[in-house]
Amino acid sequence: MKSTGIVRRVDELGRVVIPIEIRNKFGIAEKDPIEIYVEGSNIVLKKFEQSCIFCGNTKNLSEYKGKLICDKCSEQISKNLEKEN
């Protein structure tokens, strides 16, 4: 992990401002969802991207019964269903 040298304080409501330079670099706009997770002793912020429930792909997604599936996994499921019948 690379240090930016930028330090921000957490305010009384637990908020931290992400500097504009970092938001621009990662394409984060106002009201974009941000994923928060823990990696060892680090808190990691990542721009949230919807992904396939099977492989994690973020491209060519379609919704099926409220879940997102990529074209490749959808094709594989179709092939498997055809083999069963």
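A residue counts as exposed when its relative accessible area is over 50%. In this predicted model, I36 has a relative accessible area of 61%, and I36 is therefore exposed. I36 is found in strand β1. Leaving aside residues up to four places away in sequence, I36 touches I43, V44 and L45. K67 lies 31 residues from I36 along the chain. The C-alpha atoms of I36 and K67 are separated by 21 Å.

The largest pocket was examined next. Rolling a probe the size of a water molecule over the atoms shows where empty space is left. The largest pocket holds about 1200 Å³ of space. The largest share comes from β2, with 5 residues. In total, 25 residues line the largest pocket. Nearest its centre lie T4, I18, I22, I43 and L45. By class, the lining has 16 nonpolar residues, 6 charged residues and 3 polar residues.

A hairpin is formed by β3 and β4. Strand β3 covers residues 61-64, and strand β4 covers residues 67-70. The two strands run antiparallel and are joined by 4 bridges. Within this pairing, L61 stands opposite C70 in β4. Between β3 and β4 there are 2 residues. K65 sits in the turn and has a positive phi of about 50°.

Technical notes:
Residues numbered from 1 in each chain as written. Predicted model: local features only at pLDDT ≥ 70, side-chain atom pairs only at ≥ 80, totals over all residues. Heavy atoms only, no water. 1 Å grid on protein atoms, 1.4 Å probe; cavity = no way out; pocket = protein on both sides within 12 Å on 5 of 7 lines; lining within 4 Å. Points joined across faces, edges and corners; volume = space filled by probe spheres on them. Nonpolar A, V, L, I, M, F, W, Y, C, P; charged D, E, K, R; others polar. Buried < 20%, exposed > 50% of the residue type's maximum accessible area, 1.4 Å probe, protein only. Contact = heavy atoms within 4.5 Å. Pairing = 2+ DSSP bridges.
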